[in-house]
Amino acid sequence: MKRNITINLCGRLFQIDEDAYELLQQYIESLRSSFGREEGGDEIVDDIEARIAELFDELRQQGIEAITIDHVKDIVTRIGRPEELAGENENDNHNDNRGHRYDSFRSAAQDVMDNVRARTAGKRLYRNPKDKMLTGVCSGIAAYTNTDPVLWRLLFVLLVVVYGVGIISYIILSIVVPEASTPNQMLQMEGRDVTPQNLADAVVEEDERPAEPRRSLLGSLFTVVLKLLAGLFLGILAIVALVLLVCFLLAVGTLIIVFTVPGASHYSLPFDLGYMNLPEIYATHPWLVVVFCVSLLLSLSLPVYAIIHILLEKAGKLRPMGIAQRILCILIWIVAMFTVFPTIFALQDLRNTERESQVRTGGTITPYAINDIPMMEQDFKYFSENNWVMVKTNNTEENYATLTSKGEYFTGDEEVWYLNGHEWDEDQPLVYQAEHQEVWVEPGVYSLSCVVRADGWGAFVYTVCNGEKQLQDIPARGFKGGELWQSATDSLASNKGAKGLAQRQQRKWHNIAKANHSRGYGWSRVQIDNIVVAHDSIPVVYGVSTVPEFTGHPCHAKQFSAADFVLTRTGDLPVKK
């Protein structure tokens, strides 16, 4: 329970808490001590007291019956403490003027520099809180240079198209340049002398927003467009914050699953955390795992915190971040980003080292398996995520080959994974049969297309539907050239100089033709037609096989690849007569 005191401030009675009264009394006494020896100092303090009484009246109109210490602290912050009002403006102006004397340009730029000095003399650069669309950077620069803020806003918009320089520079200035939050700083931003009378006027007019200067029709239109862009930017920030928040929650949940659920490393989890073997590595390198987890969570959570703070600040729910807080958040985020990627590479190296050690010692290389067929982690991930199963291979836990690969995709994209079979023993034939899990479609006629390559005959693409098996052999054209490469090369040559050709198609042809130093990777497209699905309860199964017992042909291929399987409906079922 607190005791309230009734005070008389400028002829008005207010109820105020005892601790709030003591703070207010100390503040007013410090004002009289600071301004008492100056000419007109008492009148300045009286003006400030009148302003405090007006702010108390506003609180009472809002339904607040008793002034608390938090209210007084807020008012003191808005008006400024005596040392801020008295300021160190003379020293600041002296430093600013001294900085201008270090002019290294002695040529035709002298006139420009003199003009800049004249415009900025006696001013300090602040962000203007009274005329801002985002953070007040442009209006602050305009006040500092005595120019129209529309010009600076237009400049930043134009710089956005120059590799995003406008956005980056605006963000940096928003962080580095402080906001003019006190009367003393507002006067310095406007280039007005920091005198007691000007301070008193600034305090009295602190909440009064000056009328916007009249602008031309073009300037007004541009201001409206900027306001719309600012709203769009805040909307994009909100979406980014939501996406990052979801990613953060997924990362937290995934880490909990990885460390608590046995066998979680066998499943596909967000951020591929399930395949990183974090619990096993933690047993030998705990600090590496801890640093990775902390840096991952910080790199996701800090942008969420910053964006939400900005949005709440725009809504008037929070005060702006201080410069130190902003710089600290950015530094922590940069450290987190520069930490998370090296730790990922270090974790990958540890897993590879462990696997190589197991190979050398003859131990079990990996626990991953489908249909009791052991496979590398990369194979298990591909098969699991794309609904493939391994039907037959000559892999064993003691000696086996990889079942997928990347690096020679027909467009030259080295990050695309595909099925890849190759013999691991020259004395044994290539045994490989992978099958896509059942696809349920509506009745009709379908075709299956895919891209393939092989270095010998005997590898087939197949479909099985309603007990009917259809085979299409993979062309044995080796691993250079190929029908896709030849077609793209011919299309580029025949359409050279043609107008109206779709840029996307042109770019795709170019990528295929230039792959492998313009030699191609041997890929061709094959297709199986007339796949009849008579009923929606009949699935379509497709895959690749080199097994003679299944294909009816011996396999002479030592390696083949297959990718981009697409099942397409080509027509309706034929009408029975």
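Predicted model: local features only at pLDDT ≥ 70, side-chain atom pairs only at ≥ 80, totals over all residues.
Which residues in α9 do F156, L159 and V160 in α8 meet?

Residues are numbered from 1 along each chain as its sequence is written, and side-chain values use heavy atoms, with hydrogens and water left out.

Okay, back to the question. The partners in α9 are V165, G166, I167, S169, Y170 and L173. Here "meet" is about contact, meaning heavy atoms within 4.5 Å. Helices (H or I, at least four residues) and strands (E, at least two) are DSSP runs, numbered from the N terminus.

How do the two helices cross? The axes of α8 (residues 149-160) and α9 come within 5 Å, at roughly 130 degrees. That makes α8 oblique to α9. Axes are lines fitted to C-alpha atoms, for helices over the stretch in contact, and angles run from 0 to 180 degrees between N-to-C directions. For the wording: under 35 degrees is roughly parallel, over 145 roughly antiparallel, 65 to 115 roughly perpendicular, and the rest oblique.

Now bring in α7 (residues 137-145). Its axis and that of α9 (residues 165-176) come within 10 Å and cross at roughly 75 degrees. So α7 is roughly perpendicular to α9. On the α7 side we have V137, C138 and I141, and they meet Y170, L173 and S174 in α9.

Next, the sheet. It's an open one, with 3 strands in the order β1-β2-β3 and mixed pairing. β1 (4-9) and β3 (66-67) stand at the edges with a single partner strand each, so one side of each is left without a neighbour in the sheet. Two strands pair if DSSP finds at least two bridges between them. β1 and β2 (residues 12-17) pair in the antiparallel sense over 6 bridges, and I5 has I16 in β2 as its bridge partner. Helix α1 (residues 18-35) packs on this sheet and touches β1, β2 and β3, its direction making about 115 degrees with that of β2.

Let's zoom in on A66, which is found in β3. Not counting residues up to four places away in sequence, A66 touches N4, Q15, D17 and H71. F56 is 10 residues from A66 along the chain, and their C-alpha atoms are separated by 9.5 Å.

One last stop: L232 is found in helix α12. That's my tour, so over to you.
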